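Please open the model in your viewer and keep the selection tool ready. We will go from one stop to the next, and at each stop you can compare the text with what is on your screen.

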Amino acid sequence: MYNSATRKLHFYKRFSSYYLMLLPAVAGFIIFDYIPMYGVIIAFKKYSITKGIFESPWNGMENFNELFNSFFFWRVLKNTIIISGLKTLFGFPAPILLAILLNELRHLLFKKVVQTISYLPYFMSWVVLAGIIKEILSPTRGIVNYMITLFGGEPIYFLVSVKYFVFTLISTHVWQSIGWGSIIFLAAIAGINQEQYEAARIDGANRIKQMWHITLPSLIPTITIVFILQLGYILSAGFDQIFNLYNPGVYAVADVIDTYAYRVGFEESKYSFSAAVGLFKNLVGLILVLSANYIVKKFNEYGLW
Amino acid sequence: MKIRREKSGRVFDFFNYGMMIVLSVSFLYPFWNLLIISMSSPGEANSFGFHLFPEEFNFRAYAQVFRTELIYSSFYNTFIRTILGCLITVAITIFAGYALAKRRLPFRNIITLFMLITIFFSGGLIPVYLNIRNLGLIDSVWALVLPGAANAWYIILARNFLMTFPEELEESALMDGASPFKVAIKIIFPLSMPIIAVIGLWASVYHWNAWFDALIYIRDKQKYVLQLLVYQIMLQESISRDTSLVIMHRDTTPQSIKATTIIITIAPILLVYPFAQKYFVKGIMVGSVKG
């Protein structure tokens with residue numbers, strides 16, 4: 001019998017091998033990504049370890065009320081926005097600038113070497129980087145403070161003083177990410193039509209004018225997309241880095257949403273509360289990315305999808 | 001054709017090259033500093049100065065660290081997790097990417113969306129942790145290897161790469177009756193070495209550097225990975241010498257022990273890095289061609 005049911009079966013059977021190939025990935029996503037998404041419901045429950053996720057009683061918005069009423073939450077939210085904002089303010093243009101400058105280097109080997117060296121910090125974990133940075137910034141052994149004292153100043157406690165911590169955080173963040181971040185912009189620059197530069201040179205534009213009028217505008221699509229992608233992470237502020245560099249003395253300025261959620265969850269075992277914090281963060285992040293993409297699309301065609 | 005450089009261009013070049021040199025030093029010096037400290041005597045390690053070269057070499061810290069049991073088990077565990085992680089991630093990714101590259105696959109778009117969502121949304125720290133605990137994976141290497149094995153970024157990357165292969169490549173084999181698996185393994189994958197190398201390297205670096213998952217999932221000291229060991233040692237600052245993870249000797253300072261452990265941890269990466277870095281860069285380029 002060759003009816004439409006059999007035909008459908010044959011049709012799908014052709015693809016059965018491919019579904020089999022997809023199976024491990026799909027299973028992985030379900031088990032390790034989607035099931036925890038369901039676990040997010042404990043944000044609306046009063047989670048007890050003995051009862052588990054399903055049996056723990058619901059408590060509606062109680063965890064969220066506790067969250068929005070707590071002193072720490074607002075401090076943590078403020079810190080997150082400030083740190084994230086500063087990181088974007090300085091950390092976003094820096095790789096672009098580096099890419100433009102690197103592009104101006106004519107000596108190819110030199111350029112290659114500098115590039116390779118610049119990605120080096122990106123390949124280290126923040127556990128390692130924190131160790132390295134703590135040595136450099138040490139008030140008694142570090143070269144930075146050594147040079148400061150050579151010029152007659154007092155050693156600065158970069159990592160334990162509330163005054164300097166955020167500055168240190170931003171600087172080391174730029175240091176770590178500038179090299180790697182420049183790659184995508186360098187690739188975009190490489191795609192710029194060389195004739196534009198020729199025409200500009202004939203018109204008498206010097207190198208700097210060329211950079212400003214040709215290179216930079218050509219990068220706008222890339223810049224826009226990278227920027228939108230980053231917006232979704234605005235509430236992230238860099239857990240790895242902060243966690244390894246901070247200490248109780250600077251919580252007032254350094255504690256961000258993720259570090260707070262970690263301590264509340266793992267050190268105080270307030271699982272439901274921590275889950276509420278996480279859910280809040282995810283939702284806001286999602287809204288931000290969608291809004292940003294929508295707004296940008298309205299002004300030109302460069303969106304994420 | 002030689003381009004004539006204007007004077008202002010030459011000044012600019014001078015500053016540019018100069019700045020690049022300063023920048024490079026700023027990237028290299030911190031690592032060099034740590035290396036020197038690990039080989040310096042306690043007196044020198046603690047001194048205020050440039051630490052460019054030790055006046056007298058002192059390898060006591062290395063001796064101490066290599067005499068510590070934990071270093072070997074941590075190294076081994078890190079090695080195992082990196083290899084397992086790399087192999088499993090690559091296997092899952094390349095097969096999934098290949099299947100999704102088939103334009104006529106039914107439900108292709110839904111499945112892709114299903115994967116993309118995991119990039120933007122996550123259950124959060126606690127639900128993910130509870131999940132691993134419920135699966136009985138606490139203190140197991142699988143808690144470190146499995147969660148990241150299905151990675152939407154990598155799969156999309158592999159898919160895009162594989163989509164550039166013309167269908168004619170497989171058509172004759174398929175018509176001869178070869179199964180899709182055979183076609184994948186015998187024809188497509190050997191040609192996919194570039195993307196396999198990229199994903200394999202990225203996954204390997206990720207696993208070598210991963211520390212947070214070990215922090216929350218591994219309790220048994222024997223199962224520690226290197227990064228976790230470094231993390232614990234970094235915390236030792238305020239703990240007395242007797243309870244430290246590495247047996248202290250009066251001739252070594254906590255700083256030199258930390259420095260030594262870090263150097264040992266990053267040594268493999270530093271050795272592989274110059275050769276592998278072009279693959280990492282390629283990966284970003286391939287991924288960014290789409291946008």
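Select A:V144, which has its place in helix α9 of chain A, residues 143-150; helices here are DSSP runs of H or I with at least four residues, strands are runs of E with at least two, and both are numbered from the N terminus. This is a predicted model, in which local features need pLDDT of at least 70 and side-chain atom pairs count only at pLDDT 80 or more, while totals for chains, interfaces and linings use all residues. Residues are numbered from 1 along each chain as its sequence is written, chains are lettered from A and ligands numbered from 1 in the order in which they are written, and side-chain values use heavy atoms, with hydrogens and water left out.

Leaving aside residues up to four places away in sequence, A:V144 touches A:I136, A:L137 and A:F158, a contact being heavy atoms within 4.5 Å.

Next, show the whole of chain A, which has 17 helices and 0 strands. The radius of gyration of chain A, taken over C-alpha atoms, is 25 Å, well over the 19 Å that the globule rule gives for 305 residues, so chain A is more spread out than a compact globule; that rule is 2.2 Å times the number of residues to the power 0.38. Of these 305 residues, 52% count as buried.

Then bring chain B into view and select the contact, to which chain A gives 94 residues and chain B 98 residues. Within chain A, the residues that lose the most area to chain B are A:M21, A:F32 and A:F123, together 9% of what that side buries; buried area is the accessible area (1.4 Å probe) that two parts lose on being put together, summed over both. The two chains bury about 8800 Å² between them, 77% of it on carbon and sulfur atoms.

Finish in chain B with B:H51, found in the loop between α2 (42-45) and α3 (60-66). B:H51 is buried, with a relative accessible area of 10%, and has a positive phi of about 50 degrees although it is not a glycine. Most residues other than glycine have a negative phi.

How values were computed:
Buried means under 20% relative accessible area, exposed over 50%, partly exposed in between (1.4 Å probe, protein chains only).
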